[in-house]
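Please look over the model below before reading on.

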Amino acid sequence: EGSSYGTLGDTYYSLGDFQNSIAYHERSLKIAKEVGNRNEEGSSYSGLGNAYQCLGDFTRAIEYHERCLKICKEVGDRAGEGSSYGNLGNDYQHLGNVKKALDYHECHLKIAKEVGDKLGEGMAYGNLGTAYQSLCDFKTATYYHERHLKLAKEVGDKGEEGKAYGSLGNDYQGLGDFKTAIDYYQRALRWPRK
């Protein structure tokens, strides 16, 4: 039952209905605690953190993502641990703490490589690139976004591929290479965005 509530929470999240996502993840969390299912508890915390992140409540998102990280470490879920680091990096990025965001994204990247999570590795590269963009270090951002694009193509994730093209467009615009920026923006228009 708790897992079904979690799935509903994820579905509402995908639809952009973050209030319903929170409601269902809270139900899932309650049941996971009652039955002692630590994995489901961690998943519920992650879902809650992601929903609050989308609502702009980054302090609350950090609280839930840290709880998820703690559980992932306890149960030995390395992929979940890496994902939690990535989520925390995004939270801190939104709060303007780029240094802390970079540290978390580096942790995500390291673990994704260790466990062979190509999608996670690509997302970590993308997040690192975005952090460097915010520092106006477009050359370094391009380095990471090119790796994000390569892995998105490798795993066949069109949404991530589209994001990478858009990010590269931003990088080249920041570098003053508007022709290349336009090329990447046009490529981004061909792919669905997440």
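How many residues line the largest pocket, and which of them lie nearest its centre? The largest pocket is lined by 46 residues, and Tyr13, Asn87, Asn90, Met123 and Lys163 are those that lie nearest its centre. This is a predicted model, in which local features need pLDDT of at least 70 and side-chain atom pairs count only at pLDDT 80 or more, while totals for chains, interfaces and linings use all residues. Residues are numbered from 1 along each chain as its sequence is written, and side-chain values use heavy atoms, with hydrogens and water left out.

The space in the largest pocket comes to about 1,400 Å³. A pocket here is an open set of points, on a 1 Å grid over the protein atoms alone, where a 1.4 Å probe fits, with protein on both sides within 12 Å along at least five of seven lines, and lining residues have an atom within 4 Å of a point. The volume is the space filled by probe spheres set on the points, which are joined across faces, edges and corners. Sorted by class, the lining has 11 nonpolar, 28 polar and 7 charged residues, where Ala, Val, Leu, Ile, Met, Phe, Trp, Tyr, Cys and Pro count as nonpolar, Asp, Glu, Lys and Arg as charged, and the others, Gly among them, as polar.

Helix 5 (residues 78-94) gives the largest share of that lining, with 9 residues; helices are DSSP runs of H or I with at least four residues, numbered from the N terminus. The 17 residues of helix 5 should span 24 Å at 1.5 Å a residue, and the 25 Å between its end C-alpha atoms agrees with this, the expected span being 1.5 Å times one less than the number of residues. Helix 5 is mostly covered, since 13 of its 17 residues are buried, a term that means under 20% relative accessible area, with exposed meaning over 50% and partly exposed in between (1.4 Å probe, protein chains only). At the start of helix 5, the backbone nitrogen of Ala79 has a side-chain oxygen of Asp77 within 3.4 Å, and just after the helix Gly96 takes a positive phi of about 90°.

Between Thr59 and Asp91, which are 32 residues apart in sequence, the C-alpha to C-alpha separation is 7.9 Å. The side chain of Glu63 makes a polar contact of 2.8 Å with that of Arg67; a polar contact is a pair of N or O atoms within 3.5 Å, of which, within protein, one must be able to donate a hydrogen and the other to accept it, and residues adjacent in sequence count only if both atoms are side-chain atoms.

In helix 3 (residues 38-54) lies Ser46, which is buried because its relative accessible area is 16%. Beyond its neighbours within four places in sequence, Ser46 is in contact (heavy atoms within 4.5 Å) with His65, Cys68 and Asn87.

Helix 2 (residues 18-35) holds Ser28, and Ile31 also has its place in helix 2. Ser28 counts as buried because its relative accessibility is 0%, and Ile31 counts as buried at 17%. The side chains of Ser28 and Glu40 are joined by a polar contact of 3.1 Å. With neighbours up to four places away set aside, Ser28 is in contact with Gly2, Tyr5, Gly6, Glu40 and Ser44, and Ile31 touches Glu1, Gly2 and Tyr5. Among the buried residues of helix 8 are Phe138, Tyr144, His145, His148 and Leu151, and what covers the buried residues includes helix 6 (98-115), helix 7 (118-134) and helix 9 (158-174). In the loop between helix 7 and helix 8 is Cys136, which counts as exposed because its relative accessibility is 57%. Phi of Cys136 is near 60°, a positive value in a residue other than glycine. Most residues other than glycine have a negative phi. Just after helix 8, Gly156 takes a positive phi of about 75°.

Terms used
Helix = DSSP H or I, 4+ residues; strand = E, 2+ residues; numbered from the N terminus.
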